[in-house]
Amino acid sequence: MRKSTPLAFFLFVTLFITPTAAFAHASVLSSNPSEGQVIAEMPKEISVTFSDDLLVVADKEINTLKLNHSDGTSVPLQNATVTGNVLTAAVIAGENQPGLYQITYRVISTDGHEVSDVITFSLNTPQGVVVTPEAIEVGTSGAIPLPIALALAIVIAIAGFVLFERRRSSK
Ligand SMILES: [Cu+2]
């Protein structure tokens, strides 16, 4: 019985987070690199394409991209540019340390709503890398990023189903 407590807690947290994110207004249509992608070479530019145009305010950087390596270092980006619904920033040449990376975006779409989340990709590492808690905490906020929350929900659902089936078949 004691084992079900953290499971129930995780389920609660996941259910609590997911609907909040589901009401976000501008969503990511695509990105380079894309979520979960394993690439052999760091691209010259990081870009994220949204479902809505981004708000541009002269002299104010309200749409930001950050790139972090899972070892905790931040990779400097240059010349963040908004073109309609695309946010792009240049990666400084020579940033090619293998490992897990996170793109953290924080944007405001033309309807005035802020959207932020994390896109994870790996550079030159085998597919199926395990996302460590350390990597998850690279993001700016303490919240669990939506894709990870969804993955957790799926894992918990499967675990719950297995436990349920086991309990049922033992009767
Ligand atoms: Cu909105």
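N79 counts as exposed, with 8 C-beta neighbours inside 10 Å; a residue is termed exposed if 12 or fewer other C-beta atoms lie within 10 Å of its own, buried if 20 or more do, and partly exposed in between, with C-beta atoms placed from the backbone. The model is a predicted one, in which local features need pLDDT of at least 70 and side-chain atom pairs count only at pLDDT 80 or more, while totals for chains, interfaces and linings use all residues. Residues are numbered from 1 along each chain as its sequence is written.

The phi angle of N79 is positive, about 55 degrees, although N79 is not a glycine. N79 belongs to strand 6 (residues 77-83); strands (E, at least two residues) and helices (H or I, at least four) are DSSP runs, numbered from the N terminus. Strand 6 is joined to strand 7 (residues 86-91) by five bridges, and the two run antiparallel. Within this pair, Q78 has A90 of strand 7 as its bridge partner.

The protein contains three helices and nine strands. Along the sequence these follow the pattern α-β-β-β-β-β-β-β-β-β-α-α. Of the 171 residues, 22% count as buried. Among contacts between residues at least 6 apart in sequence, 64% join residues at least 24 apart, two residues being in contact if their C-beta atoms, placed from the backbone, lie within 7 Å.

Strands of a sheet pair through backbone hydrogen bonds, either parallel or antiparallel. Here two strands are taken to pair if DSSP finds at least two bridges between them.

Another open sheet consists of five strands in the order 2-9-8-4-5, and its pairing is mixed. Strand 2 and strand 5 (74-75) are the edge strands of this sheet, each pairing on one side only. Strand 9 (residues 114-123) is largely enclosed by the rest of the structure, because eight of its 10 residues are buried. Strand 9 runs parallel to strand 2 (residues 38-39), to which two bridges join it; I39 has L123 of strand 9 as its bridge partner. With strand 8 (residues 99-108), strand 9 is connected by 10 bridges in an antiparallel arrangement, in which I103 stands opposite I119. Strands 8 and 9 form a hairpin with five residues between them, and G112 in the turn has a positive phi of about 90 degrees.

Further backbone features are found in the loops. N32 and P33 are joined by a cis peptide bond, with omega about -5 degrees. P33 lies in the loop between strand 1 (28-32) and strand 2. D59, a residue other than glycine, has a positive phi near 65 degrees. D59 is placed in the loop between strand 3 (45-50) and strand 4 (64-69). D59 is exposed, with 4 other C-beta atoms within 10 Å.
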